[in-house]
Amino acid sequence: MEISKILSEELSIKEKSIDEVIKLLDEGSTVAFIARYRKEKTGGLKDTEIRDIESGLTRLRNFQKRKEEILTSLENQEKLDEKLKEQIDQAKTLTELEDIYAPFKKKRKTRADKAKELGLMELLDDILMKAQSEEEALSFAKKYIKEGIDDEDDAINKSLDILAEDVANNIEAKNIIRRDGLVRARILAEKKEDEDLTYENYYDFNEKIKNLKPFQILALNRAEKNNDLTVKLEFTDNYNLTLIKNLYKSNNDYTESLIKKAIEDSYKRLLIPTITTEIKNKLTEKAEEESIKVFSKNLKPYILQRPIKDKNIIGLDPGYRTGCKVAVIDKHGKYLDQAVIYPVKPHSKEREAIDLLKNFIKKYHVDIIALGNATASRETEAVVNKLLKEVDGVSYAIVNEAGASVYSASKLGEEEFPDLDVTIRGAISMARRLQDPMAELVKIDPKHLGVGQYQHDINQKKLDEELSKVVEDSVNEVGVNINNASYKLLSYVSGLNLNLAKRIEEDFKNGEIVERKDLKKVKGLGDKTYKMAAGFLRFPDSPNFLDNTAVHPESYKIAKKLVDYDLENIDLEKCATDLDVGVLTLEDIIDELKKPGRDPRDELPEVITKSEVLSIDDLNEGDILEGTVRNITEFGCFVDIGVGIDGLVHISNMSDKFIKDPNEIVTNSDIIKVKVIEIDKKRERIGLSMKNIKE
């Protein structure tokens, strides 16, 4: 199999570049390392393109492996001939391959198997080839009556089970139904239980399969699993049966009637259940892939939000009965103090809460307040607004709480703050995810961060694998400052695993790691791992300033020679030739020398630090607001406008021009202006638009 050629055609990437990527991956290089430090070999491919190659490589190699498994199985069964081998070699898809193998696959005993054991294969051949009438067929069948066969009719009917299975294994017959599924077949849903009316939109649902949206598929799957809906596929049966019958020729009217009977039995009993399951599985697989893409697209910009640096922060985790948890951290994220206040109902100790917060602000020189957006957030925000009128130089920002409780109760949360209550850990998380979103969010399983839909209905292994790749790429794009890195953050660095990350964290705390080359002293961290990881770790306190840049140690000699060059007016081609280095690598080195220790996130929009609207009751249709994109789906995007309920901008209201994908217009965590076009207080839904907004 020419894997590079196939991937080149699929991805529109040069075959030479793909060959180099495959070689590097097979050598054990990470995607991040290849994307950053092997640009000359790949032609400057981005990490996303290398991920696509990696994914395609795995898929095609698994396909080749499956071919080899099938060939081995057929050889062991002594069924492999040249014709069959050629069919397998030429198979282009897994479906095609499995169709070829289906008649030979080991399975539980079928009605056809039992008929063959009774010797009825010969009877079927005699009837189809020789019988001119029912009388002749009954005559042929008479000699087959024995234990397990009641009479002549029973013998004929059992022999037709063999033909029915042959029809079910007929690739052309399967493809007739598959084509129907792609063109005409429909999916129908009816209410079954659903006492909470969760799936009201899907009662009497009737849609062509080809028109289904991924979110509809996942919703129908969940509803069917919960017994809330009855879901079935409806094919154009008569049309399909006519086409399948045309595949089989008969000698006379009688044998034609037998063939028709076997085909109709096969269609109802074998083909439709098999193809229905196959189509449902493919629909689910496609929907899962799209849903995971949505997760991935939303996750990366969410993790890469601009940090608020060098600020002391109060984190507030609001609550009603149990109070609002308060935690203070310094500009490095170090925990300083904590308290619980009760500013809202049922306690309503507003004055006491404001006084305590004012004391914390003064004592710890607090610059900003991070307010969680969940329970009691709106009421607590009103108190914060009153507080800010009594202090100077302090602002606040609404922080997405998704996943905070998961971190608070996690093993990592307990390790970081063993003496603190889980609720206080949540408040610390609020403050830290405002201060450095990436460093804090990596501590939480990505699927709990609220950046997608139907996460519980998706293949969890696939979701975890893909989201882990997104986190890994994000972390390595920014780089990790060794001074304040948790082992969880370090574990996402190129080449490192959890155990090595823990050892690095421990050695750093013990003063054994000061500069990059000290990583080589870490137990279990060999030359290969050092090569993969070193460039992505930053050492601000190292005596070698290059250790605080993305320049790889293998390029230090070149970087030091550039000191003699005017970096603002440099002839890249000539310099690359003089220093014997690739132009792409040289460009990266120069960028790092111009801005040592730079953080690419600093170029992103600043976090919104105030919210003027407090609740849905304050909204009016026509209001123009600024909000943060929290989630993007195929039907639009959800925007946090500071009222505790995210508003929906439907895809039809995102642009005056037609768009297929909301990602053409927005990215997760974007700050955008929106107009309120619909308010449903009863259902707590807000409709927004991005169209016709005057700047």
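The legends below describe close-up views of a predicted model. Local features need pLDDT of at least 70 and side-chain atom pairs count only at pLDDT 80 or more, while totals for chains, interfaces and linings use all residues. Residues are numbered from 1 along each chain as its sequence is written, and side-chain values use heavy atoms, with hydrogens and water left out.

**View 1. An open sheet of 3 strands in the order β2-β1-β3.** The pairing in this sheet is antiparallel; strands are DSSP runs (E, at least two residues) numbered from the N terminus, and two of them pair if DSSP finds at least two bridges between them. At the edges are β2 (205-208) and β3 (229-234), each of which pairs on one side only. On average, neighbouring strands are turned by 15 degrees against each other, direction ignored; axes are lines fitted to C-alpha atoms, for helices over the stretch in contact, and angles run from 0 to 180 degrees between N-to-C directions.

**View 2. Strands β1 and β2 with helix α13.** Strand β1 (residues 186-191) is joined to β2 by 4 bridges, and the two run antiparallel. R186 is opposite K208 of β2. Helix α13 (residues 214-225) packs on the sheet and touches β1, β2 and β3 (contact: heavy atoms within 4.5 Å; helix: a DSSP run of H or I, at least four residues). The direction of α13 makes about 125 degrees with that of β3.

**View 3. The hairpin of β5 and β6.** Strands β5 (residues 324-329) and β6 (residues 335-341) pair in the antiparallel sense over 6 bridges. A327 has Q338 in β6 as its bridge partner. The hairpin has 5 residues between the strands, and G333 takes a positive phi near 90 degrees.
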